[in-house]
Amino acid sequence: MPNKNNVTESLFQSPSKYIQGPNAIKNAGKYLAPLGKKAILISDDLVHKLAGVSLIEALVASDFDVQRVAFNGEASAQEIARIGAIGQQHGSQFVIALGGGKTIDTAKAVADRIGVDVAVLPTTASTDAPCSALSVIYTPNGEFERYSFFNKNPTIVLVDTTTVAKAPARFLASGMGDALATNVEARRVGSSPNFGGGLPTQVSSAICAKCEEILFTYGAQAYEACKANVVTPALEAVVEANTLHSGLGFESGGLAAAHAIHDGMTAIHELHNLLHGEKVAFGIVCQLILDKAPTAELDRYIAFMLSVDLPVTFELLGIPNVKEKELRQVAALACAPEETIWTLDIVISPEIVYNAIVGADAASRDYIRRSGWKKPTA
Ligand SMILES: [Zn+2]
């Protein structure tokens, strides 16, 4: 049931300020000053070495009092409570997230818990987490648990594209998988309330379409620039698509089957080393199958995803011998009552989703056979 409460208002929400550019971290003091001078900074140890030290230097030079907390790697309720207590003790006026999707989701939840603003500084363009007012909460073992919703979006999102270009290109590609789902999902759920509880606006539809256009136009070029660790106009465009367009688009548009199937896939242990957008990429093919996408359209998406090494078959996902039982479990979880798959205005059941999952693998394998695509050797 896409709109069981008969919502009639449309609604669009976003961060107050989005800043993106080469070496933008150097100017963090200027952009974060409106939030206060006392902050906790959440980052994992690797990110801390790569970008945290220079961020702290920049902030201390602007008279900030920053306490850094090492993130333990999982956006779990336990981790949020632990860091929240540290933030409260420190008397933090705001929270800074420095890192990838899970660090960001944790920081947003911590800020909500202690009632302060959050500034998000993504170090990769790997997910659409930075701009939204929600977090995905996982169990301490990394299985999807639930979505958590907050009253406010992050106040500031600041993306340093020099840092993003230095991260492994796989992260950028994963972000493209997540971003490519934005339009595929949102265009199917226009009569369903979005994550803000209202109907999608024209502007969110335009953002979703632009997001997809950028990926098809510049995705492969940006992927190569990232492999060479350089910031080019194509890379800037794709970072914006992955972070701003995808974030605004999914939140004020809506999610559907691609993300629901992703959530189900988190139950397969062998997929735990895959990134969010890599699983979403496979979910996109499943969603297109459910949408009755013509073969030419399906081919276009599959070809793009293969061009940036996103996995669209069981084999490319690293589960060539996946069992029917496991796939049926993925389908059942994708159809859980709170899942986003129910925003679709089509008949959905675990059996239908299971068939779409197997059909997606088959369609992608067929494309690979017809096109002669070969997996690049590392
Ligand atoms: Zn996503």
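In the predicted model, strand E5 (residues 117-122) pairs with strand E8 (residues 156-160) in the parallel sense. Two bridges join these strands. Ala119 takes part in this pairing, with Ile156 of E8 as its bridge partner.

Both strands belong to an open sheet of six strands. The strand order is E1-E8-E5-E4-E2-E3, and the pairing is parallel. Strand E1 (17-21) and strand E3 (65-70) stand at the edges. Each has a single partner strand, so one side of each is left without a neighbour in the sheet. From one strand to the next, the twist averages 15°.

Helices pack on this sheet. Helix H3 (residues 77-90) touches strand E2 (38-43) and E3. The direction of H3 makes about 160° with that of E3. Helix H4 (residues 101-114) lies across E2, strand E4 (94-99) and E5. Relative to E4, H4 runs at about 175°.

A further contact joins two helices. The axes of helix H11 (residues 295-307) and helix H14 (residues 350-371) come within 10 Å. They cross at roughly 80°. Angles of 65 to 115 degrees count as roughly perpendicular, so H11 is roughly perpendicular to H14. On the H11 side, the contact is made by Thr295, Leu298, Asp299, Ile302, Ala303 and Leu306. H14 contributes Ala363, Ser364, Tyr367, Ile368 and Arg370. By residue class, the contact of H11 with H14 divides into seven nonpolar, two polar and two charged residues.

Notes. Residues are numbered from 1 along each chain as its sequence is written. This is a predicted model: local features need pLDDT of at least 70, side-chain atom pairs count only at pLDDT 80 or more; totals for chains, interfaces and linings use all residues. Side-chain values use heavy atoms; hydrogens and water are left out. Two strands pair if DSSP finds at least two bridges between them. Helices (H or I, at least four residues) and strands (E, at least two) are DSSP runs, numbered from the N terminus. Axes are lines fitted to C-alpha atoms, for helices over the stretch in contact, and angles run from 0 to 180 degrees between N-to-C directions. Contact means heavy atoms within 4.5 Å. Angles under 35 degrees count as roughly parallel, over 145 as roughly antiparallel, 65 to 115 as roughly perpendicular and the rest as oblique. Ala, Val, Leu, Ile, Met, Phe, Trp, Tyr, Cys and Pro count as nonpolar, Asp, Glu, Lys and Arg as charged, and the others, Gly among them, as polar.
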